[in-house]
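Some labels for a protein model rest on plain cut-offs.

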Amino acid sequence: MKDAFDEFKAVAFKIGSEEFAFHVEQVLSIEKTQRVTVVPAMPKHVLGVINLRGTITPVINLTTLLYSDSELIPHEYSLQRYIVVKFEEKPFALIVDEATDVLDIPHDSIQTNTINDKNIPSYLSGISKLEDRLITIINVDQLLISEASALKHETINHSIGSEENEIQHSR
């Protein structure tokens with residue numbers, strides 16, 4: 001008999017040909033893409049915002065965030081989805097090339113010490129080997145901790161720049 005703690009459910013998705021997964025408890029929903037309203041002075045990976053059921057939600061291009069010098073090309077735009085996650089009580093829509101399935105990932109299938117590099121980002125929880133698939137497990141909270149502080153920094157700098165412009169124009 002399997003113990004409930006021997007595995008967890010994960011939402012699997014693709015960026016290019018690579019497979020990733022988030023713990024299902026970190027995911028609010030999976031949505032079709034929609035028109036994004038661009039917000040000026042945001043980092044390259046922040047596409048803008050959407051109105052998601054009455055809530056203004058930032059849209060983050062996960063390809064650009066994970067692969068800053070991205071050569072990965074989405075394989076088909078019609079398959080792109082938003083994986084909506086919650087961080088600090090706010091939703092974030094992470095755009096991925098394709099949301100593939102919900103998987104049961106056994107804890108013993110995850111290897112965390114596969115690459116011994118101190119520069120490995122803290123959001124990479126490990127790599128799971130399932131049959132003929134290798135799936136990189138990403139911790140959403142760790143991924144967005146640095147992202148939220150970068151967004152706050154950009155917003156503060158943008159606000160300060162706007163205030164300085166207003167002061168100069170009022171003189």
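Two strands pair if DSSP finds at least two bridges between them. Helices (H or I, at least four residues) and strands (E, at least two) are DSSP runs, numbered from the N terminus. The model is predicted: local features need pLDDT of at least 70, side-chain atom pairs count only at pLDDT 80 or more, and totals for chains, interfaces and linings use all residues. Residues are numbered from 1 along each chain as its sequence is written, and side-chain values use heavy atoms, with hydrogens and water left out.

Q: How many helices and strands does the protein have, and what pattern do they follow?
A: There are two helices and eleven strands. Along the sequence the pattern reads β-β-β-β-β-α-β-β-β-β-β-β-α.

Q: In what order do the six strands of the open sheet stand?
A: The order is S8-S1-S2-S11-S10-S9, with mixed pairing.

Q: Why are S8 and S9 said to stand at the edges?
A: Strand S8 (98-106) and strand S9 (110-111) each have a single partner strand, so one side of each has no neighbour in the sheet.

Q: What joins S2 to S11?
A: Three bridges join strand S2 (residues 18-23) to strand S11 (residues 133-138). Pairing takes at least two bridges. The two strands run parallel. Phe20 stands opposite Thr136 in S11. The bridge partner of Glu19 is Ile135, also in S11.

Q: How many bridges join S10 to S11, and how do the strands run?
A: Six bridges join strand S10 (residues 124-130) to S11, and the strands run antiparallel. Gly126 has Ile137 in S11 as its bridge partner. S10 and S11 form a hairpin with two residues between them. In the turn, Glu131 has a positive phi of about 50 degrees.

Q: What makes Thr136 buried?
A: Buried means under 20% relative accessible area, exposed over 50%, partly exposed in between (1.4 Å probe, protein chains only). Thr136 has 18% relative accessibility, so it counts as buried.

Q: Which residues is Thr136 in contact with, leaving aside neighbours within four places in sequence?
A: Contact means heavy atoms within 4.5 Å. Thr136 is in contact with Glu19, Phe20, Ala21, Leu124, Gly126 and Ile127. Thr136 and Ala21 are 115 residues apart along the chain, yet their C-alpha atoms are separated by 6.3 Å.

Q: What is the order of the five strands that form an open sheet, and which are the edge strands?
A: The order is S3-S6-S7-S5-S4, again with mixed pairing. Strand S3 (27-32) and strand S4 (46-52) are the edge strands, as each pairs on one side only. S4 is joined to strand S5 (residues 55-61) by six bridges, and the two run antiparallel. Asn51 stands opposite Ile56 in S5.

Q: Why is the pair of Phe13 and Phe22 called tilted?
A: Rings of Phe, Tyr and Trp (its six-membered ring) pair if their centres lie within 6.5 Å; planes under 30 degrees apart count as stacked, over 60 as edge-to-face and the rest as tilted. The ring centres of Phe13 and Phe22 are 4.7 Å apart and their planes are at 40 degrees, so the pair is tilted. Both Phe13 and Phe22 are buried. Ring pairs link Phe13, Phe20 and Phe22 into a cluster.

Q: What makes Phe87 and Phe92 an aromatic pair that is edge-to-face?
A: Their rings are 6.3 Å apart, centre to centre, with 65 degrees between the planes. Phe87 has 6% relative accessibility, so it counts as buried. Phe92 is at 7%, so it counts as buried too.

Q: How many aromatic pairs does this rule give?
A: The count comes to three.

Q: What share of the protein is buried?
A: Buried residues make up 37% of the 171 residues.
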